Amino acid sequence: MTSQTWKEIVQEKIDPDLTRQIDVFSQQMQLRQDGKISEKVFAETRLRRGVYGQRYDNGQRHDGVETKQLSYPCGDTVKGPNTVWDAPGMMRIKIPYGSLTSEQMDVMGDLSEEYADGVSHITTRQDIQLHFVHIDDTPDLMRRLGAAGITTQEACGNVVRNVTACPTAGVCGGEAFDVSPYAKALTFFLLGHEDLQDFGRKIKVSFSGCGGEACGLVSFHDLGFIGATRIVDGKTEKGFAFYVGGGLGAVPNKAELLREFLPEKDLFVESLAVMRVFARLGEKNNRTRARMKFLLNKLGLEEFTRLVNEERKIIPEDPRWDYIDTLDEFLDSPLKEGSKLVMATSDAPKGFPEWFMTNVQQQRQDGYATATISCPLGDLSAQQMREVASIMREYTGDTLRASVEQNLVLRWISEQDLPAIYKRLADVGLAEASAGTIVDITACPGTDTCKLGHASSRGLAAELRENLGAKNSQLDEAIKDLRIKISGCFNSCGQHHVADIGFYGVGRKVKGYMVPHFQVVVGGELRGNGDSFGLAIGAIPSKNIPMAVNILTEYYVANREAGETFKSLVGRVGKTTIKASLKELITVPGYTEDKSYYSDWGDPREYTTGDMGEGECAGAVVTLTEFGLSEAERIAFDAQTKLEAGQVDEAAELALQSMVTAARALIKIQFLDIADDTNVVLEEFKTRFFDTQLIYDPFAGAKFARYLFRQADEPKTGISAPIVHNRIEEALLFIEAAYSCYARMSTADAA
């Protein structure tokens with residue numbers, strides 16, 4: 001019996017709807033190369049499937065390997081290495097609330113070897129990213145992920161991003177209840193939801209089981225839910241304290257409490273109402289002001305609440321709201337019975353006691369523990385991914401979580417198995433005893449791969465980890481509890497605002513030369529779901545940042561009062577005093593005196609910001625109408641391929657479907673909730689665009705518009721190929737008329 005190929009395995013296991021989506025994306029890629037889809041629309045399309053461009057220097061990887069060179073045949077390629085077609089990029093893989101199975105870990109390990117650079121990178125939003133992936137390979141990569149139950153849909157772009165949650169939800173002793181099932185249910189309720197495709201910027205959602213810890217970081221999310229309970233008629237009712245309008249970025253904003261108690265049954269409709277208000281009223285033109293926090297600040301909480309209440313009244317009933325009744329299906333269960341760890345100190349493996357102290361926490365379930373796998377810089381090799389998967393199969397089952405701290409959390413470990421698991425992790429370099437300490441540094445990709453990076457956040461993080469790790473055993477206990485977070489620019493992807501000590505990259509010109517610097521941020525706090533945002537107190541040359549960390553931590557030990565946090569110390573002594581302690585580090589020696597200051601960590605080349613590009617995190621704002629018209633073109637093209645293949649009836653149906661899709665796209669300008677029903681679309685289109693003559697083409701009058709109504713009335717099967725050919729021609733003309741109508745309406749609105 002021959003073994004199956006991956007394509008045969010995928011065909012058996014992948015969801016048919018996901019197959020269709022990926023096939024559509026492949027088709028859109030071809031249409032873009034043929035010049036039949038604009039770069040603006042395609043860019044947002046690929047971002048919504050998790051495909052990013054990536055920063056490069058002269059079309060080379062940092063290890064000197066040449067990248068594959070491609071360009072658009074239509075000739076409108078942007079020249080240079082920073083286009084998605086000119087060099088490998090990044091694939092973001094959406095991992096709802098960080099939950100991973102052993103099969104998924106194996107698959108991503110394999111894919112990182114076959115399609116990327118052999119590394120899986122955990123992000124600060126519990127996603128996985130693969131870098132140095134070529135866009136040509138992304139459809140196959142998506143299919144193999146899909147067969148393992150993973151999607152990249154809406155991992156990027158102006159959509160609802162990955163829903164995050166506490167990695168210890170369900171096993172923590174301080175939570176109201178397990179929020180994991182709610183995070184999962186809301187993820188799949190919102191995924192691809194038609195009402196949520198018209199945002200000016202992204203939406204981030206988080207769940208936390210309690211208000212006091214940092215696991216969920218609800219305070220800086222657009223929508224944040226903190227588990228809560230109340231007694232109603234003698235019964236305990238589950239719900240959430242519901243927060244809206246939080247965000248980090250260049251100017252952080254703390255979320256505001258919209259509902260003191262949102263009953264669990266209202267989770268879906270309330271979330272949808274908030275997002276529909278944002279989609280309708282949020283900024284679309286100026287993307288720097290397009291997050292929900294700006295809309296909330298503009299309207300005020302009272303008016304925003306009123307609009308949400310009104311929106312709830314008009315949202316059509318949705319049978320998917322019943323998901324809330326099936327949440328018990330999403331709960332974790334242990335693989336093995338719990339047992340207490342009984343071990344003499346002399347029998348413990350080398351390094352185990354230190355690892356146990358920092359990386360292991362007892363669960364609220366007797367006999368079980370969680371163990372955090374420290375992943376320096378959030379990176380795991382393919383071998384490490386597969387070994388963790390093997391450990392899961394033997395000891396814990398499919399209960400693993402990725403964390404916003406860029407680590408992995410093994411849950412439901414029977415305590416007696418901890419030494420054996422430690423040995424397995426140590427064998428592959430994953431037993432570092434640093435979780436939750438100052439050594440456990442968070443960092444975004446920075447200049448390694450991000451087009452917006454000003455300085456090497458990963459390079460600095462690696463340097464600090466090495467320095468602090470070397471003296472970890474000698475560090476004062478107060479210092480061990482501090483957290484450092486680093487971003488490569490002001491956008492706070494590394495969450496520097498909520499660290500005890502945060503840094504973000506900037507560039508400074510010194511005597512004619514560019515020098516990498518980091519702004520020092522103090523006053524932030526992780527506890528309380530990211531309760532306090534720090535502020536920058538000054539820029540310091542990158543090469544002096546390790547000394548800055550030494551000075552700040554030593555100052556903290558010498559001057560803190562009993563039990564005082566670093567944030568409290570900063571508040572008591574003042575930022576002026578903290579800044580003064582660092583003043584000797586500001587000076588940059590001359591270029592000939594010490595050239596090391598003029599290169600960045602991990603990169604010996606002379607520092608420059610010349611290879612920066614436009615960031616892709618937000619993407620261009622593409623309206624629902626633009627998406628709909630682009631989809632209509634794709635369907636019309638599909639009709640042509642069906643006709644060429646002799647599938648005449650299918651081609652005829654697609655010709656009509658393309659026109660209905662274009663008509664519905666126009667209707668959405670006036671009527672967002674238009675049903676996906678051909679008869680309803682025809683009626684609404686006639687009333688809103690045909691009878692009013694809005695669709696009338698300046699040259700053809702009502703001729704092109706009538707093609708839709710005539711084809712809707714004509715036979716759909718048994719038609720000759722020449723007639724269907726004509727129908728496709730008519731469909732293309734109708735779509736062009738729809739584009740023209742949209743352009744006229746947009747111009748009128750702008751005027």
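This is a predicted model: local features need pLDDT of at least 70, side-chain atom pairs count only at pLDDT 80 or more; totals for chains, interfaces and linings use all residues.
Trainee: Which residue takes a positive phi just after α8?

Mentor: That is G300, with a phi of about 85°.

Trainee: And what lies in the loop between α7 and α8?

Mentor: G282 is found there. Its relative accessible area is 9%, so G282 counts as buried. Apart from neighbours within four places in sequence, G282 is in contact with V277 and L295. L295 is also among the buried residues of α8.

Trainee: Where is I674 found, and is I674 buried or exposed?

Mentor: I674 is in the loop between α20 (648-670) and α21 (678-690). The cut-off for buried is under 20% relative accessible area; I674 has 2% and is therefore buried. Setting aside neighbours within four places in sequence, I674 is in contact with E194, R664, I667, K668, V680, V681 and E684.

Trainee: Where do L217 and Q693 lie?

Mentor: L217 is in the loop between β7 (205-208) and β8. Q693 is in the loop between α21 and α22 (703-713).

Trainee: Is L217 buried or exposed, and what does Q693 count as?

Mentor: L217 has 1% relative accessibility and so counts as buried. Q693 has 48% and counts as partly exposed.

Trainee: Which backbone oxygen does the side chain of S206 reach?

Mentor: S206 is in strand β7 and is buried, with a relative accessible area of 0%. Its side chain reaches the backbone oxygen of G216 at 2.5 Å. Beyond neighbours within four places in sequence, the contacts of S206 are T164, G216, V218, H221, L223, G224 and F225.

Trainee: What joins the side chains of H131 and Q129?

Mentor: A polar contact of 3.3 Å. H131 is placed in strand β5 (residues 128-133) and is buried, at 11% relative accessible area. Not counting residues up to four places away in sequence, H131 touches Q54, G89, M90, A116, D117 and T449.

Trainee: At what angle do α4 and α11 pack?

Mentor: To read a helix pair, take the angle, the axis distance and the residues that meet. Helix α4 (residues 102-115) and helix α11 (residues 382-396) pack at about 165°, with axes 8 Å apart. Over 145 degrees counts as roughly antiparallel, and α4 and α11 are therefore roughly antiparallel to each other. The crossing is left-handed. On the α4 side the contact is made by S102, E103, M105, D106, M108, G109, D110, S112 and E113; on the α11 side by A382, M385, R386, V388, A389, M392 and R393. These residues divide into seven nonpolar, three polar and six charged.

Trainee: How are α13 and α16 oriented to each other?

Mentor: Helix α13 (residues 457-470) and helix α16 (residues 545-559) pack at an angle of about 45°, with their axes 10 Å apart. They are therefore oblique to each other. α13 passes α16 in a right-handed crossing.

Trainee: Which residues in α13 and α16 meet?

Mentor: L460, E463, L464, N467 and L468 from α13 meet I545, P546 and V549 from α16. By kind, the residues of this contact divide into six nonpolar, one polar and one charged.

Methods
Residues are numbered from 1 along each chain as its sequence is written. Side-chain values use heavy atoms; hydrogens and water are left out. Axes are lines fitted to C-alpha atoms, for helices over the stretch in contact, and angles run from 0 to 180 degrees between N-to-C directions. Helices (H or I, at least four residues) and strands (E, at least two) are DSSP runs, numbered from the N terminus. Angles under 35 degrees count as roughly parallel, over 145 as roughly antiparallel, 65 to 115 as roughly perpendicular and the rest as oblique. A crossing is left-handed if the near helix is turned anticlockwise from the far one by less than a right angle, and right-handed if clockwise. Contact means heavy atoms within 4.5 Å. Ala, Val, Leu, Ile, Met, Phe, Trp, Tyr, Cys and Pro count as nonpolar, Asp, Glu, Lys and Arg as charged, and the others, Gly among them, as polar. Buried means under 20% relative accessible area, exposed over 50%, partly exposed in between (1.4 Å probe, protein chains only). A polar contact is a pair of N or O atoms within 3.5 Å; within protein, one must be able to donate a hydrogen and the other to accept it, and residues adjacent in sequence count only if both atoms are side-chain atoms.
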